[in-house]
Amino acid sequence: RQWDDRGTGHVSSCYVERLKGMSLLVRAESDGSLLLESKINPNTAYQKQQDTLIVWSEAENYDLALSFQEKAGCDEIWEKICQVQGKDPSVDITQDLVDESEEERFDDMSSPGLELPSCELNRLEEIAELVASSLPSPLRREKLALALENEGYIKKLLEIFHVCEDLENIEGLHHLYEIIKGIFLLNRTALFEVMFSEECIMDVIGCLEYDPSLSQSRKHREFLTKTAKFKEVIPISDPELKQKIHQTYRVQYIQDMVLPTPSVFEENMLSTLHSFIFFNKVEIVGMLQEDEKFLTDLFAQLTDEATDEEKRQELVNFLKEFCAFSQTLQPQNRDAFFKTLSNMGILPALEVILGMDDAQVRSAATDIFSYLVEYNPSMVREFVMQEAQQNDDDILLINLIIEHMICDTDPELGGAVLLMGLLRTLVDPENMLATANKTEKTEFLGFFYKHCMHVLTAPLLANTTEDKPSKDDFQTAQLLALILELLTFCVEHHTYHIKNYIINKDILRRVLVLMASKHAFLALCALRFKRKIIGLKDEFYNRYIMKSFLFEPVVKAFLNNGSRYNLMNSAIIEMFEFIRVEDIKSLTAHVIENYWKALEDVDYVQTFKGLKLRFEQQRERQDNPKLDSMRSILRNHRYRRDARTLEDEEEMWFNTDEDDMEDGEAVVPPSDKTKNDDDIMDPISKFMERKKLKESEEKEVLLKTNLSGRQSPSFKLSFSSGTKSNLTSQSSASNLPGSPGSPGSPGSPGSPGSVSKSTSQMASVTTK
């Protein structure tokens, strides 16, 4: 792998009689002796690199390179090479580089097909070695497969297998295992068809029982013939269909149980085996679908009351497996499949089955229902709305589904979670169709809220009649959490239907009773439901919340949670923060008027103080409507600049960002309790303390402009205790310590903490 410098000289190309072709010649610069004479072969791959190099292989592991002083010389020789090979000089390589197997193809294509040793017991080892050595090369695999096909070799091997078994020749059986496994890896449909034929398949499985890596042989054939039973739920008259079903089961068994785990092989080694099973399933579904008598019998027996339990369970299991097979179909075939089932009356049949007592049967029926909902929710909706005209609410299909969800006995509620997902798909407007004459959304949601919603919310209403949940065990809590999840989905997607329902039935008040649950996940579900409602910023909802004082359970839960820093704490604060940031005026006023006393001491976040500030600004505008556009002189001779004196750009900045307090500019309004100012400052302002800032006239002017009830990004505002007024600055105090003129901060000389009471009315300002 080392380059050897053979010398420097002049290169030319000319016809060399001895080599019978155009050749490259290099003569030494020093004495003109011949350094290189190389014929330009039409098949050699010459490669041009970096404009001044030409590289090629003269023999295996022997490369040559010409390195030119100038690009022009390189191009000239390159053109000569390309001319000989009939290539365009613009290419950088004159031949596609061939990999090993391609080279083999050049050698082997001329040679005849692969010769297989005669199929005899004493040559099994030789055959096994031949198969193993052929697997790595695509070309040899091809030849081996053709040879096996043409000579009927597999059947001969299986005859030897019987001989070995009779003689208990373990060594021979081990070789046969390797040979048959190798044939699987050839990945050829034609060979599979021979191996999986009725006469061969059991012997093939027999060969695969003798794995040399296992001390004892496996008993696959015994399992397939004695343990595995073929259940004909309804007699299948077509022998070809029967044979296909047996074959598919056995091949699936080989794939899943007999062959070693695929990780042992390269990926896709057994892709043809997968395809074989896949197409078999497609054929089985097609043949069953066309057999109308079979399907008619199936549905007749399913719904017949005289059918005994065991038989019905087998029928339902058959139908479930039938639907599972259908998942392999192409979309248009799947459409036809479900249309056939629909015409046969699968939905009324499911309704009958779901109404039965047997839990296993119901669970299988639920799986079938899930296939139908995933495939075509509209078909299910249409059926449900039609049957509603003839039947009571109790036996409607959707209500049966909701009841199964509510009555799921599994402690983990596995079935209920699946059913909730199906209901969600059914009530999701995203997948509803709208045609010219009717919209599915309006019709179906109207139907759902009239006939089904009361069934869905029944457990919730039953459990929330008191101040706290009447049943608070884990399973009930899980079920209520699932119901709340669906209701939250409805709030987001159903607009007026759910709004009428929540307000008329007072649902939110009942949901908030769950805030008192001992299960945090349920209390959070209830909170999430309320947060989704507030997130809509709909005044109908807001009026309902205020009229019923529905912040009370939330504030109670917040106070009961105490100082614990957990998800409940953060989620409740986030809800109030949303009200503040979005400036929902009605709710801001309601919260401050009714709950300020309870919340005013919360100072580890600025949310509640910020809400109070919003409320006071609102109140101020209401008291004097003229002040709305202009900041006025306030009662105690403080003043604010007219907001319009701000630069346009600054005004735009405020309009977009006034709600989102950035780090380090949180307002800390006053607290009734006198606290050390250091406690009130948040960590960022402590960091500020350590920075010494130069006084500047510009900052003073800017500050006065910015103290107009909005937070500037450039300043940290904090208050000493005792001030009750809005955020303003006193013009006369500009020379006092702690005033905007001297950027003091609590604890440093000249801060409000260290001056007399007269200045405790002052806002201290720390500039960034």
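This is a predicted model: local features need pLDDT of at least 70, side-chain atom pairs count only at pLDDT 80 or more; totals for chains, interfaces and linings use all residues.

Student: How many helices and strands does the chain have?

Tutor: The chain has 34 helices and 8 strands. Both are DSSP runs, numbered from the N terminus: helices are H or I with at least four residues, strands are E with at least two.

Student: What share of the residues is buried?

Tutor: Of the 768 residues in the chain, 46% are buried. Buried means under 20% relative accessible area, exposed means over 50%, and partly exposed lies in between (1.4 Å probe, protein chains only).

Student: Why is Ile245 called buried?

Tutor: Its relative accessible area is 19%, so Ile245 counts as buried. Ile245 sits in helix α10 (residues 239–258). Leaving aside neighbours within four places in sequence, Ile245 is in contact with Phe230, Ile236 and Ile284. Contact means heavy atoms within 4.5 Å.

Student: How far is Ile245 from Asn280 in sequence and in space?

Tutor: They are 35 residues apart in sequence and 8.1 Å apart in space, C-alpha to C-alpha.

Student: Why is Thr476 called buried?

Tutor: Thr476 has a relative accessible area of 13%, so it is buried. Thr476 belongs to helix α22 (residues 474–493). Beyond its neighbours within four places in sequence, Thr476 is in contact with Asn463 and Lys471.

Student: What makes Leu413 worth a question?

Tutor: Its phi is near 55°, a positive value in a residue other than glycine. Leu413 lies in the loop between α18 (397–406) and α19 (414–426). With a relative accessible area of 3%, Leu413 is buried.

Student: What is phi of Asp506, and where does Asp506 lie?

Tutor: Phi of Asp506 is near 55°, a positive value in a residue other than glycine. Asp506 lies in the loop between α23 and α24.

Student: Why is α5 called roughly antiparallel to α6?

Tutor: The axes of α5 (residues 153–167) and α6 (residues 170–185) cross at roughly 155° and come within 10 Å. That makes α5 roughly antiparallel to α6. Angles under 35 degrees count as roughly parallel, over 145 as roughly antiparallel, 65 to 115 as roughly perpendicular, and the rest as oblique. Axes are lines fitted to C-alpha atoms, for helices over the stretch in contact, and angles run from 0 to 180 degrees between N-to-C directions.

Student: Which residues of α5 and α6 meet?

Tutor: Among them are Ile154, Leu157 and Phe161 in α5, and Leu173, Leu176 and Ile183 in α6. By class, the contact of α5 with α6 has 11 nonpolar, 1 polar and 1 charged residues. Ala, Val, Leu, Ile, Met, Phe, Trp, Tyr, Cys and Pro count as nonpolar; Asp, Glu, Lys and Arg as charged; the others, Gly among them, as polar.

Student: Why are α20 and α23 called roughly parallel?

Tutor: Helix α20 (residues 440–451) and helix α23 (residues 496–505) cross at roughly 15°, with axes that come within 10 Å. They are therefore roughly parallel to each other. Thr442, Leu445, Gly446 and Tyr449 in α20 meet Tyr496, His497, Ile498 and Tyr501 in α23. That contact has 5 nonpolar, 3 polar and no charged residues.

Student: What makes α11 oblique to α13?

Tutor: Helix α11 (residues 271–290) and helix α13 (residues 309–326) pack at an angle of about 125°, with axes 9 Å apart. That makes α11 oblique to α13.

Student: How do you know that the buried residues of α27 line one face?

Tutor: The buried residues of α27 (residues 552–561) are Val554, Val555, Ala557, Phe558 and Asn561. Seen down the axis of α27, they fall within an arc of 160°, so they line one face of the helix. The arc is that of the directions from the helix axis to the C-beta atoms. On the other side of α27, Lys556 and Asn560 are exposed.

Terms used
Residues are numbered from 1 along each chain as its sequence is written. Side-chain values use heavy atoms; hydrogens and water are left out.
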